[in-house]
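Reader: Please show me the sequence and the model, and then take my questions one at a time.

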Amino acid sequence: MRGTGQPVMIGYYLDLAMRSLKRNKVLTVLMVLAIAVGIGTSMTTLTVMHVLSGDPIPQKSADLFRVGLNVFPDDNFRPGEEVPDNLTRRDAEALLRDARADRQAMMSAGTMVVTPAQGDPLSLESRYTTADFFTMFAVPFRFGRAWDRGDDGSHARVAVISAALNDQLFGGRDSTGSMLQVGSQSLRIVGVLGDWSMNPRFYDLSNGRFGDSEQVFVPLATALDLHLATSGTMNCWGNNSDEHAADAPCLWLQYWAELDAPSTRVAYRQYLHNYMAQQQQAGRFTHPGQIRLLDVMQWLDAKGVVPSDVRLQVWLALGFLGICLLNTVGLLLAKFLRRSGEISVRRALGASRRAIFMQCLVEAGVVGLAGGVCGLALAGLGLVLVRHQPTDYAGLIRMDPSMLLATFVLALLSSLLAGLLPAWRAMHVAPAVALKSN
Amino acid sequence: MDILPILSTLRRHKLTAGLLVMQIALTCAIVCNAVFLIGQRLQRMDLPSGVAEHELLQIQVADVVKSGNPYARVQEDLALLRQVPGVQSVAFSNQVPFGGSSSNGNVLLDPNQPQRTLNATTYFGQNLVPTMGVQMVAGRDLQDDDFVDVDTALKGLKTGDTKSLPHVTLITRDMAERLWPGQNPLGRLIYLTPTVGLRVVGVMASLVRPNAYDANTAQYTMVIPLRMGADRGMSYVIRARPQDRASVLAAALAALRKADPQRIVTTQRSFDEVRRHFFRDDRAMAGILVGVIAALLVVTALGIVGLASFWVAQRRRTIGVRRALGATRSDVLHYFQTENFLLATIGIGLGMVLAYGINLFLMQHYELPRLPAIYFPVGAVALWLIGQVAVLGPALRAAAVPPVVATRAG
């Protein structure tokens, strides 16, 4: 029976399983349906979870750090409150000037109105940032290049546009050197992005967490010169008339640093502590002035980027799968025990308990696979429903190969789990007694 | 119906009976909590706005080139919109109820207190109360001579010239009750910063925040007499009869475009759409929960049908013997119905405990309130009904077993 005999036996068990399943079609369909529904709902919600909690920039997520500094004056400082997400322009510019990280960028989201050569003016989502942004976030270019630090310093009238905007305005041709009319000013296009979208848009979660990348990128200094509208969280204290002024007491700029080696991370942390100590000495505040340095995944976790509704749905679906499995256990138990006669005959003819156990598990596995296939179809349907929901992440939800594989593993595992108890009971059917009682 | 023989039979089928009980318990627990969650969502979606939602339109425009005098621009636009046939009233506002993005401020009762008393949203703009249909319950609406230009106010803030700041405000009844419980709020002062004090001149019945995520603070709202220019992404709010809104919106957009073809409309929608958009996640979640409850009940019912059929088939001989010994069809029918009722009752009992546990978990992780006791009997009745409906088919089949079966070999 052992060794070469095993595959033959599995084939025989498969044959037995198919016969047994065909014999009681209603019960079989019930079991397959129960597993399919459980797997379908679980995989739908797990896929959503998988997509939303994914690493948006896997090759660099451990090297990119969001910088937070608590520079609130004492009367706005609340002990125990979290370090704010954004920096003031004064602090962001100071850190940028020191340039102690391998790369660094400050930025803000905005909207700007662009007047094309033909057609109506367009209101576009924009990002105002500094030169390192594109290297730090591994932004691909189709045409041209990013602006450089010199352009930041000289407030150059330049812009980088997205592939989509390039298609819309220039029919997809190389538009570098062309001008972009913004109000009464014009910006020279120096680069066109390739396909690039970060989901979640981790570098700035305050303006729609999921969705396409911005359409226009402009040096922050240029955007301030042109008084382009910013968007996002603006948190001010004290009396001020211009929230974008160099010394305005307003938190509104996102600041990212790229730190490629563990030693630079330690050094950068120390540098930030020193910076805060200087600010304290300069009399801005008397509290300790905490800092916060989070890498991409820590940052996403801290901001709770997976919607709590999605987490709730996962729990709900797993509970649902549990009920479907209980259901399957009950039905398999009924099915196997109803066949006590047949099993006791096989036992009397010399089949070992192990063989009976295997035979039952194979039958459960067949049910599980069938349930998995139907469940996959149901999950596909579920994902179509999710994509039609009015949420900002709806368009991103796709099943990838790893989730496809996970579906079958989950289906097979759960049906084997469900088959375990019934198979255990079945293998304890005594040969003689069962024959007698029949 | 005698329960004892049923119990002794069940004792011999501990495992299958136990599985069924567990399935019913889990279903009961999840259904109780899911129904509760649906109730929570529906309640949220019903949050009152305090404005005449079915009569309002929102239009947001952006200028391509900054206009000469943004204040004059707004007055021209308002005059233009008032001319549009069907328009009853027009307002200019920095934000709209359930619009999402909002302007907020900390409110102090004493200019020297270190911590804020509460955080409230601030509406600025002219003609808001009559246009939106906000009801005043005490005092008066803002008047023309209360209003100050935003730029004048900002300059005053910087130079410390308090004369050029607004001096009065409207607040909601909820906010008044939170600040001065049981007292008359009219004439009292609140402070936005230690130097900016506002006197309450009117109390509104209700006006919801643009970002009303928390029902407890959804009504902490002020309306401050600040006049704004056309350069800050503000909204025109138009009131018209519900049936006229589509034509009024089209005509208003045409009028604005004719006045200046060089600007673009960034938002144009009715307030029904504003509300629908704001609560879209809640509606989606409620839909999903309804689907899950339906699927759960169907799966559990099918499980009961499957197991009951198995039991009936297994006990055909016993049933035949009982029938031969004088039991009527209805005795057999009742036997299986009572058996199911017993199992369901045990399952429901366990399910209640489980439901309570799940609720505790949700309270900890999702900031939900405690499950009200009313959900327990509702869940129990639902599962009893499902169980009885599911068992009816197999029980009828059992009742149809003829007494002659007893004489045949199984």
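Author: Questions and answers on the chain contact, the annotated spans and the strand pairing follow. This is a predicted model in which local features need pLDDT of at least 70 and side-chain atom pairs count only at pLDDT 80 or more, while totals for chains, interfaces and linings use all residues. Residues are numbered from 1 along each chain as its sequence is written, and chains are lettered from A and ligands numbered from 1 in the order in which they are written.

Reader: Which helix supplies the largest share of the side of chain A that touches chain B?

Author: Residues are in contact if their C-beta atoms, placed from the backbone, lie within 7 Å; the contact takes 36 residues from chain A and 39 residues from chain B. Helix 2 (25-52), strand 2 (103-115) and helix 10 (308-338) of chain A each supply at least two residues of that side; helices (H or I, at least four residues) and strands (E, at least two) are DSSP runs, numbered from the N terminus. The largest share, 18 residues, comes from helix 10 of chain A.

Reader: How far apart are the end C-alpha atoms of residues 341-362 of chain B?

Author: The unreviewed UniProt entry places the feature "transmembrane region" at residues 20-39, 285-313, 341-362 and 374-396 of chain B; positions follow the numbering used here, feature names are shortened, and annotations may be inferred rather than shown by experiment. Residues 341-362 of chain B are 100% helix and 0% strand, and their end C-alpha atoms lie apart by 30 Å.

Reader: Which residue stands opposite B:Ala62 in strand 13 of chain B?

Author: Strands pair if DSSP finds at least two bridges between them. Strand 1 and strand 13 (residues 263-270) of chain B run antiparallel, joined by 7 bridges. Opposite B:Ala62 stands B:Ile264.

How values were computed. Contact = placed C-beta atoms within 7 Å.
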